[in-house]
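Here is a short briefing on one protein chain. Please look over the sequence and the structure before reading on.

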Amino acid sequence: MPSDILDVPTVPAAPPGEPSRAAPRLVPRRRTGQWAAAVVLLALLALALVSVVRNPAFQWDVVADYFLTSAVLRGLGLTLWLTAVVMVLGFALGTLLAVLRLSGNPVLRGVGRGYVWLFRSTPILVQLLFWFNIGALYPVVLGVKTVDLLSPVAVAVLGLTLHEAAYAAEVVRGGILSVDKGQWEAAQALGLGAGRRLRRIVLPQAMRSIVPPAGNMLIGTLKGTSIVSVIAVNDLLYAVQLTYHRTYQVIPLLLVATLWYVLVTSALSVGQHYLERHYARGTAGAR
């Protein structure tokens, strides 16, 4: 046992013929510095909490008044809808891109790698603004004006999905690579086709590695949807912006959006925890 963890008093051996002495008592080393730092940290956190609660500039009564207004709830609903749609479509496209990147065909592999490189190299705001102004390049598509074809919400879905797919592809690819090669060979020996090997054997085992980063992506996507406010999509942030532009109560309305984001991300974090535990069953790290 390392001496920096426990103080172990040494007891000399009893002389021959005398009764043996009691076993040494293990005494934990006192961590005075750590406890002092913890007390100071808790005191600072308490002071910060009291300051936030008692500072009238936060206008908590205004926060309570607007927290459940119809405009805010509609914005929250659109934010949740955007998050769900983008994650489903992003991972569907990302899985296809991951398969392309792992393909033995150099053309398919190059297409997958090029897509990931392009969409990870440009900021999401730039991508959204590009798709929002795509009518400058293609005024008419299939006989329909582009401005009529792509509404702000459609642009948000398109831009966020294409962006998330690049990251989802790497998450799925990493999960597939984490599966032992012997599983592929065993499935092939059973006569399973490539598609069934992927769906029935590889992906279920890869989920243990996919779920944690996918959960982080889900939370990041939820918060990232706030960027669509720049193209006038009436999400949660845009809803509170419209309100404080009318009432000039900027801080309390930003707190409304902040609290909703915190509540939803906390709920998603709990769901991610149980999903990770589900896929980690039978492993040493499952708890």
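Glu170 and Arg173 sit three residues apart in helix 7, about one turn of the helix. Their side chains meet in a salt bridge, at 2.9 Å from N to O. Through shared partners, salt bridges join Arg101, Glu170 and Arg173 into one network. The model is a predicted one.

**Salt-bridge network**

- A search of the whole structure finds two salt bridges.
- Glu170 also forms a salt bridge with Arg101, where the closest N and O atoms are 2.6 Å apart.
- Glu170 belongs to helix 7 (residues 152–177) and Arg101 to helix 3, so this pair ties together parts that are 69 residues apart in sequence.
- Glu170 has a relative accessible area of 19%; the cut-off for buried is under 20%, so Glu170 counts as buried.
- Arg101 is buried too, with a relative accessible area of 14%.
- Arg173 has a relative accessible area of 22% and is therefore partly exposed.

**Chain overview**

- The protein chain has 11 helices and four strands.
- Of its 287 residues, 31% are buried.
- Among contacts in the protein chain with a separation of 6 or more, 71% are between residues 24 or more positions apart.
- The protein chain exposes about 17800 Å², and carbon and sulfur atoms supply 66% of that area.

**Helix 1**

- Helix 1 covers residues 32–54, which is 23 residues.
- From its first C-alpha to its last, helix 1 reaches 33 Å, close to the 33 Å expected at 1.5 Å a residue.
- How many of the 23 residues of helix 1 are buried? The number is zero, so helix 1 lies largely in the open.

**Nonpolar surface patch**

- Which residues form a nonpolar patch on the surface? They are Phe130, Leu137, Tyr138, Val141, Leu142, Val144 and Leu149.
- Together these residues have about 720 Å² of accessible area.
- Leu142, one of the patch residues, is in the loop between strand 3 (140–141) and strand 4 (144–145).
- The relative accessibility of Leu142 is 84%, so Leu142 counts as exposed.

**Thr79, a buried position in helix 3**

- Thr79 lies in helix 3, which covers residues 70–101.
- Is Thr79 buried or exposed? Its relative accessibility is 1%, so Thr79 counts as buried.
- The Thr79 side chain reaches the backbone nitrogen of Leu236 at 3.0 Å.
- Leaving out residues up to four places away in sequence, Thr79 touches Leu222, Thr225, Asp235, Leu236 and Tyr261.

**Pro252, a buried position in helix 11**

- Pro252 is found in helix 11, residues 250–279.
- Its relative accessible area is 1%, so Pro252 is buried.
- Which residues does Pro252 touch, not counting residues up to four places away in sequence? They are Phe58, Gln59, Val62 and Val63.
- Pro252 and Phe67 are 185 residues apart in sequence. Their C-alpha atoms are 9.6 Å apart in space.

- Ala232 is not a glycine, yet has a positive phi of about 65 degrees.
- Ala232 sits in the loop between helix 9 (194–224) and helix 10 (236–247).
- At 44% relative accessibility, Ala232 is counted as partly exposed.
- Tyr248 is not a glycine either, and has a positive phi of about 65 degrees.
- Where is Tyr248 found? Tyr248 is in the loop between helix 10 and helix 11.
- With a relative accessible area of 69%, Tyr248 is exposed.

How values were computed:
Residues numbered from 1 in each chain as written. Predicted model: local features only at pLDDT ≥ 70, side-chain atom pairs only at ≥ 80, totals over all residues. Heavy atoms only, no water. Helix = DSSP H or I, 4+ residues; strand = E, 2+ residues; numbered from the N terminus. Expected span 1.5 Å × (residues − 1). Buried < 20%, exposed > 50% of the residue type's maximum accessible area, 1.4 Å probe, protein only. Contact = heavy atoms within 4.5 Å. Areas by Shrake-Rupley, 256 points an atom, 1.4 Å probe, with all protein chains shown as cover. Patch = residues over 30% accessible without salt bridge, like charges linked within 9 Å, V, L, I, M, F, W, Y side chains within 5 Å. Salt bridge = Lys/Arg side-chain N within 4 Å of Asp/Glu carboxyl O. Polar contact = N/O pair within 3.5 Å; in protein donor to acceptor, adjacent residues only side chain to side chain.
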